[in-house]
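Please open the model in your viewer and keep the selection tool at hand. The stops below say what to select next and what is there.

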Amino acid sequence: MTTTTQRTELRDPRSFVSPKVWDREIKLLVRDNPFDTVTAAHIFGQAVAYFITAMEKWGLGLGCGYLVAMGVHAFILDTRNYADFCSRNFYGWFLHHTPEIARKKYGTVMHTARVIERNGFAIAWPLWEKDALQCSPCFPGSNCR
């Protein structure tokens with residue numbers, strides 16, 4: 001009897017942006033926040049995994065916490081690179097950012113991290129767990145990004 005082992009490869013957030021864009025976003029995060037390049041890379045990687053998953057799993061009401069949102073916001077504000085990312089990865093669709101004012105405490109942050117993990121990305125759990133009690137500014141059942 002032959003046994004085969006199926007190996008699941010993790011999806012690499014770096015594969016969704018060019019090395020030039022990756023480096024630029026890390027530099028922007030370091031410029032505007034008290035992060036070193038390693039922390040900034042973790043945050044941006046989680047932001048990219050979030051963007052990809054939010055579009056691929058549309059309708060699940062995903063939303064990230066404050067730390068990962070720092071990477072999301074930095075990328076959105078770099079409009080040319082963000083628009084190109086959306087165009088290349090989402091078949092011409094643009095993933096908008098429409099958050100609620102108040103943060104809701106209904107478990108969205110940890111739910112989102114688990115969905116991203118099931119979608120094949122490694123999760124930097126400390127970035128998600130830090131905001132688990134604060135939760136997301138997305139309203140329940142929405143796709144705020």
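Begin by selecting glutamate 56 and arginine 11, whose side chains meet in a salt bridge with 2.8 Å from N to O; a salt bridge here is a side-chain nitrogen of Lys or Arg within 4 Å of a carboxyl oxygen of Asp or Glu. The pair links distant parts of the chain, since glutamate 56 belongs to helix H2 (residues 37-56) and arginine 11 to the segment before helix H1 (19-32), 45 residues apart. Helices are DSSP runs of H or I with at least four residues, numbered from the N terminus. Glutamate 56 is partly exposed, with a relative accessible area of 43%, and arginine 11 is also partly exposed, at 26%; buried means under 20% relative accessible area, exposed over 50%, and partly exposed in between, with a 1.4 Å probe and protein chains only.

This is a predicted model, in which local features need pLDDT of at least 70 and side-chain atom pairs count only at pLDDT 80 or more, while totals for chains, interfaces and linings use all residues. Residues are numbered from 1 along each chain as its sequence is written, and side-chain values use heavy atoms, with hydrogens and water left out.

The whole structure holds 4 salt bridges, and another one to select is that of arginine 88 and aspartate 84, at 3.0 Å from N to O. Both residues lie in helix H4 (residues 79-89), 4 residues apart, which is about one turn of the helix. Arginine 88 is partly exposed at 46% relative accessibility, and aspartate 84 is partly exposed at 37%.

Next, select arginine 31 and aspartate 32, which form a salt bridge whose closest N and O atoms are 2.7 Å apart. Arginine 31 is exposed, with a relative accessible area of 59%, whereas aspartate 32 counts as partly exposed at 49%.

Keep these two residues selected, for Arg31 and Asp32 are among the residues that line the second largest pocket, together with others including Arg24, Met70 and His73. A pocket is found on a 1 Å grid over the protein atoms alone, as an open set of points where a 1.4 Å probe fits, with protein on both sides within 12 Å along at least five of seven lines, and its lining residues have an atom within 4 Å of a point. About 180 Å³ of space lies in this second largest pocket, and H1 gives the most to its lining, with 5 residues.

Which residues are closest to the centre of the largest pocket? Select Pro13, His42, Gly45, Gln46 and Ala122, which hold that place among the 15 residues that line it. The space in the largest pocket is about 230 Å³, and H2 gives the most to the lining, with 5 residues.

For the last stop, select Phe51, Phe85 and Trp128, which touch the most other members of the largest nonpolar core, a set of 44 residues. Such a core is made of buried Ala, Val, Leu, Ile, Met, Phe, Trp, Tyr and Cys residues joined through side-chain atoms within 4.5 Å. H2 supplies the largest share of this core, 12 residues. Finally, centre the view on phenylalanine 51, which touches Val72, Phe75, Ile76, Tyr82, Phe85, Phe90 and Leu95, not counting residues up to four places away in sequence; contact means heavy atoms within 4.5 Å.

Conventions:
Helix = DSSP H or I, 4+ residues; strand = E, 2+ residues; numbered from the N terminus. Points joined across faces, edges and corners; volume = space filled by probe spheres on them.
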